[in-house]
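Here is a set of questions and answers for a reader meeting this structure for the first time. Each answer works towards the value or name that was asked for.

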2 protein chains.
Amino acid sequence: MSVNQREIGRRTLFAEIRRHGRIPRINLAELTGISRATVTTITAELLREGLIEEVMSESSDKGRGRPKVDLKVRGAARLIAGGKISNRSVSLVLLDFEGTQLAGHEVELDQTAHESGELAALLAGHVGELAEKIDRSLADVAGFGLGIAGIVDAPRGFVHWSPSLTARNVEFGKILTATLGIPVFLDNDANLVAMAEKSFGLGQGHSDFIVVTIESGVGMGVVINDEIYRGTRGCGAEFGHTKVQLEGALCRCGQRGCLEAYVADYALLREAMSASGGQDSRQVEELLAAAKGGDAVAGSIVERAGRMFAMGLANLVNIFDPELIILAGEQMQASHLYAEEVIEVMRKLIVQVDKAPPEVVVHKWGNQMWARGAAAYALDNVSELALQEMKDHVA
Amino acid sequence: MSVNQREIGRRTLFAEIRRHGRIPRINLAELTGISRATVTTITAELLREGLIEEVMSESSDKGRGRPKVDLKVRGAARLIAGGKISNRSVSLVLLDFEGTQLAGHEVELDQTAHESGELAALLAGHVGELAEKIDRSLADVAGFGLGIAGIVDAPRGFVHWSPSLTARNVEFGKILTATLGIPVFLDNDANLVAMAEKSFGLGQGHSDFIVVTIESGVGMGVVINDEIYRGTRGCGAEFGHTKVQLEGALCRCGQRGCLEAYVADYALLREAMSASGGQDSRQVEELLAAAKGGDAVAGSIVERAGRMFAMGLANLVNIFDPELIILAGEQMQASHLYAEEVIEVMRKLIVQVDKAPPEVVVHKWGNQMWARGAAAYALDNVSELALQEMKDHVA
DNA sequence: CTTATTTAATTTGATTTACAAATTTAATCC
DNA sequence: GGATTAAATTTGTAAATCAAATTAAATAAG
C-alpha cells in the first residue's frame, strides 16, 4: 500500500545485483526494464548508503567505448551470523553481506534438550566468540539466523515443540533477540536447508521446488514462487509425519503409520531387532551393509523403507507438482533411500502425464550447510531491514 | 516491469470496489492508503470507462455533512459465461460484470467422451442460445470460463487428459477460442470449485484454503495467497491419486493404492461385489443405507473408506497446514465421508500442536456451482483484460 | 428561513519520480 | 590525435501522488 515507486525500484535493483553477483548498470536497466537514468539515480543512492560498491568489470570485454563498471553487494556493509542446533552440537557460521563465509565454528553440547534461557546464553557466547575471531564483536552482527528441529512458527519466532528444548511452547525468538541484543530470525531447520539450496545450492534459479531432508527425522522445505511456504500456523510441511499406512508402525510422535516410522534410523533398527527376537544390535551402517551383502532380513527391511519413502515422495509430487525435488542429506547417511531404484518406484507412483516427471537430484553436504541456510535467511531479512532504513536516511 | 503506478492504483481500487460490493470513495482511500485526491482521479477514469458506477449510499447514515456516494462494479459493463462439463451433461451460466446470475442452462449429452471440435461447436451453440435468452448474442460475451475434469494445464489451455475428451493432449483452449470467437479460459474443474468458494462461497475472505470435491473421482483445489496454486506442469493437486496404501486397491488410473480406489463410488461397489462373491448389485445409496442399518459387511466397507479419506485429509493438513478445508460436493452424495467421525479421525492423524487444527466445513451445493466457479474464473480474467485495455484508452 | 456545522468529494499547487534525449566520459581504432 | 563506440550521467519534461484549500451537500441550531 504505502510502498512507493522508488522503494520498489530500490528493491528490484538491489535484488538483481545480489542475484548476479556483479553486473554493470546498463544490464540492470535492460533486465529490470527500469530506464538507465533511473538506474543511475537509484544505484547512486545505494552506493551512498554503502550497500553496494563499484568494481572494475573483469569480464573480458575487448569492445570499444566507455567500459562497463560492475556493481556488487558491498560485503563489508553488514555482518551476518547463522546457526543450526543439532542433536549434540551447534554449527555456526559468519558471513559478510555478500554471502561469503568469514568464519565457522562447531560446538559440542553435553545434552540434547536445553532450557531455553541457557541455550540462548550459550549461543550468545559462541556467536560473540566467533565474531571476535575476525576482530568484531557480537554487537557488530546485523542479524542471526537460527535453525532448530521441531515445529516452529517462524514469523513469530515461536517454538511449539523442539527436541532441543526442554519446554514446549517457548517464545524462543524473543528470548534470543533479548539475550543477544541483535535481531534473531528463527526457523525450522528443514526450511533453512531449502533456503540454503535456493541461495547457494541446487535450487538457485528455481522458483518452485521441494527439499526433503533425512537426519534423524524426515523434514521438508517447500519453495513456492521464490518464497518458503509456511502453512497458516507457521508450521506446515511435516512430511515425516504424513501417513503412509493406516494403523501402521508406531512413530516416536505417538501416532501410527508416519513415514518417519518406516524410514528413520530408529525404525530400521527396531525392525531388525524384532525380526531377530531382540538379538540384533547392529547399527544402521551394518544393517545397510548386510542388506547390500545379500542378507535377506536386512534386505527386506531396507527395501520396505525405500518403497515407503517412494510412496511419500510420490504423494508430494501428486500434490505439489514441483519442477524439482532435492533430496538433501548429510553424507551417505540415507543413501539407501536416495538410490535410483527408489526414485524409479516414485516415478511409477505419480500421476502419469505425457510430460516429464519432476527432476530429482541428490545433494549431499556437511553439517555447515544447515548453518549457512540459517545465515541466508538472516541475510534476506537484514537486506530487507537495510532497504527499509534507507527510506528514512534519504528522506 | 512496465507496470506503472497508475495501473497499480487502478487495479487495487477496482479490486477493492469488487470485494466490497459497494463502497464510497473515502473508505477506499482509507482502506488502500491511496490519497483521497488520487482516488477521485482514478475512480473518475473507471467511471468514464464504464467499469464502475455511482449509487446513492443506502447505508443508514443519518450523519450530517455531504452524504457518501457508493461506488460499485457496473454490471452491464461485461457479460460473462461459465460452464462445466459433467459426465453426461453440461451446465452453463451467464453472469453480469458484478457476478449476479442472469441465466442458467442444463444440457444433456448423449455420451461421456467427445471429439474436441464437436464439443467446442456444441458449446458455442449452447452459450449462444443462453445469450439469446436475455437478448444478447454470443459475440456479446466478453469471456467464457470452462471447467473440465482431468488433467489440465490451465494457463496454456492444454488438456493432457480428460474423461470428457476422446483424444489426449489436446489444445482445447485454442480450439474453443477459435470456435467461439471470444476469449475462453479453461481449467480443471476442482480448481474452479475453489474459485467458486472464494468468490461466492465459504472461502470468501480466506487467503489460504483447500477445497476437496468428491464427484465420481476425488479432486482438490488449493488456494495459496489468494491465488489458485497450480503446480509447475499446470496440473498439480491430484489428491485423488495420492497413495494411501502400498500395493493397495486397483484404481481406474491403472495404479494401486490411490485414495480414489478406496473412496469413490465404483470402489465401494466393487468391494461389496467381491465380498458377496459377485452377488451384490446394490447401488451406492443402498449400500450406505445398509451400513447405517447395521449391515456388518456394508458397514466395514464404508468405514474403511472413511478411514482412508481421513488419512488422505490428514496428509493434506500435514503438508499444507491450511487454515480452512472445505469439503464440497453435490448434495448428499459423499455424506459418509463428510461425517463428523471421519473428521475426528483426521484430527487425530495430524501433527499435534498446541494450536487449533484447521477448520473443516462441509459445503453441499448443486450442479450450477461448478459453472459459477468457471464464470468467476472468466470474470477475473476479463477484469484483468478490461483494466489492460484502459491503458490504451486513457493514453 | 437563514446561518453554522459537518463531512464527502474535488480542485489546486507543490513535490516526487521516471524517462527520453542530449551530453559527458572513457575507452579503442585508425 | 581525431573518429568512433558504448556506458554513464545530466537535463528538461511529463506523469502521478499528495497535502491543503476549496467546494458540495447534507443536518442542526437559532
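A residue counts as buried under 20% relative accessible area, as exposed over 50%, and as partly exposed in between. The model discussed here is predicted.

Q: Is Arg347(A) buried, partly exposed or exposed?
A: The relative accessible area of Arg347(A) is 25%. Buried means under 20% and exposed means over 50%, so with its 25% Arg347(A) is partly exposed.

Q: Which residue meets the side chain of Arg347(A) in a salt bridge?
A: Helix α11 of chain A, residues 340-349, holds both partners, and because they are 3 residues apart in this helix, about one helical turn separates them. The salt bridge has an N to O distance of 3.0 Å, and the partner is Glu344(A).

Q: How many residues apart in sequence are the parts that Asp70(A) and Arg22(A) tie together?
A: These two residues form a salt bridge whose closest N and O atoms are 3.6 Å apart. Asp70(A) counts as buried at 6% relative accessibility, whereas Arg22(A) counts as partly exposed at 29%. Since Asp70(A) lies in strand β3 and Arg22(A) in strand β1 of chain A, the pair ties together parts whose separation in sequence is 48 residues.

Q: With which residue does Lys198(B) form a salt bridge?
A: Lys198(B) lies in helix α6 of chain B, while its partner sits 28 residues away in the loop between β12 and β13 of chain B, and the pair thus links distant parts of the chain. The closest N and O atoms are 2.8 Å apart, and the partner is Asp226(B).

Q: Why can the two copies be described as related by a two-fold rotation axis?
A: Chain B can be laid on chain A with an RMSD of 0.1 Å, by a turn of 180° and a shift of 0.1 Å along the axis. The two copies are therefore related as by a two-fold rotation axis.

Q: What distance separates the centres of domain 1 and domain 3 of chain A?
A: In the domain assignment of chain A, domain 1 covers 5-73 and domain 3 covers 238-322 + 332-365. Taken over C-alpha atoms, the separation of their centres is 48 Å.

Conventions: Residues are numbered from 1 along each chain as its sequence is written. Chains are lettered from A and ligands numbered from 1 in the order in which they are written. This is a predicted model: local features need pLDDT of at least 70, side-chain atom pairs count only at pLDDT 80 or more; totals for chains, interfaces and linings use all residues. Side-chain values use heavy atoms; hydrogens and water are left out. Domain bounds come from an automatic or database domain assignment. Copies are superposed by least squares on the C-alpha atoms of residues with pLDDT of at least 70 in both. A salt bridge is a side-chain nitrogen of Lys or Arg within 4 Å of a carboxyl oxygen of Asp or Glu. Helices (H or I, at least four residues) and strands (E, at least two) are DSSP runs, numbered from the N terminus. Buried means under 20% relative accessible area, exposed over 50%, partly exposed in between (1.4 Å probe, protein chains only).
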